[in-house]
Amino acid sequence: MACLIYILHDNAGEETIHIKGELHKYLIKVRRHQEGDELLFRTKQKIQTLYHYKIDSVDGRTLTLSLVSSKIKEVKSHKELHLAWCVIDVKSIEKVLPSLCEIGVSKITFILCERSQKNFKLDFKRFERIAEASMQQSGRTSIMEFDTYKNISTFIQEFPDTKVFDFTENILSGESDFKRVLIGCEGGFSKNEKELLKTQEVFRLDSPMVLRSESAVMAVASKILL
């Protein structure tokens, strides 16, 4: 477990909280916290509120903390970006998900494109746990959203302002203020999908290399948000 900026805990906000299990082991054996140390907590229900706790007592199994103060403190990206991502290997998604959360991607919609392998099963509960771990390490307070669409056509009908990452002469600039982008899976878009997307604004990165889907997602998101 990496260093935590704050800790998500269901009981954050109560006058006294008790920490047990793996979190107790991490705070005492890894982070070497002791009586008198102060820690920051948030709860998913009121994540904008930052709670300041002091460690009152430590024993072999339980850490007891008391509330010192609380304040509203949001930490979020100055821009919002909604990624529409054609489904790829779930393991590849999970590798870049923490970084996408850190840089401020607000939402990821997974789309079953024609070249997506249909045997990949998306576990949104697991994605949420990965994103929450990243939030605690980066300090982010906005919850990353996930959803899915059955095809590109349905998505474009609902979000006609979507920009498309594909082969073109139009290079993405640092000043581009895109709110929503579509990125294909390995092998790119099919002939039918390209025909469907011909009326959308298409862009590419200023690189001669062909990127894997997860590399393209990270590069595009970073260029737009950072």
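Q: Cysteine 86 and cysteine 113: buried or exposed?
A: Both of them are buried. Keep in mind that this is a predicted model.

Q: What joins cysteine 86 to cysteine 113?
A: A disulfide, with an S to S distance of 1.7 Å. The angle about the S-S bond is -60°, and the link is left-handed.

Q: Which parts does the pair tie together?
A: Cysteine 86 lies in strand 6 (residues 82-86), while cysteine 113 is in the loop between strand 7 (107-111) and helix 3 (124-138), so the link ties together parts that are 27 residues apart in sequence.

Q: How many disulfides does a search of the whole structure find?
A: One.

Q: Is cysteine 101 buried or exposed?
A: Cysteine 101 is buried, at a relative accessible area of 0%. Cysteine 3, on the other hand, is partly exposed, at 41%.

Q: How does strand 1 run relative to strand 3?
A: Parallel, with two bridges joining strand 1 to strand 3 (residues 38-42). In that pairing, isoleucine 7 has phenylalanine 41 of strand 3 as its bridge partner.

Q: Which residues are on the covered face of strand 2?
A: Ile17 and Ile19 are on the covered face, and Thr16 and His18 are on the uncovered one. In a regular strand, side chains alternate between the two faces of the sheet.

Q: OK, helices. At what angle do the axes of helix 2 and helix 6 cross?
A: Roughly 5°, and the axes of helix 2 (residues 90-103) and helix 6 (residues 213-225) come within 10 Å. Helix 2 and helix 6 are therefore roughly parallel to each other.

Q: Which residues make the contact?
A: From helix 2 it's Ser92, Val96, Ser99, Leu100 and Ile103; from helix 6 it's Glu214, Val217, Met218, Ala221, Ser222 and Leu225.

Q: How many of those are nonpolar, polar or charged?
A: In the contact of helix 2 with helix 6, seven are nonpolar, three polar and one charged.

Methods
Residues numbered from 1 in each chain as written. Predicted model: local features only at pLDDT ≥ 70, side-chain atom pairs only at ≥ 80, totals over all residues. Heavy atoms only, no water. Buried < 20%, exposed > 50% of the residue type's maximum accessible area, 1.4 Å probe, protein only. Helix = DSSP H or I, 4+ residues; strand = E, 2+ residues; numbered from the N terminus. Pairing = 2+ DSSP bridges. Axes fitted to C-alpha atoms, helices over the stretch in contact; angles between N-to-C directions. Parallel < 35°, antiparallel > 145°, perpendicular 65-115°, else oblique. Contact = heavy atoms within 4.5 Å. Nonpolar A, V, L, I, M, F, W, Y, C, P; charged D, E, K, R; others polar. Disulfide = S-S within 2.5 Å.
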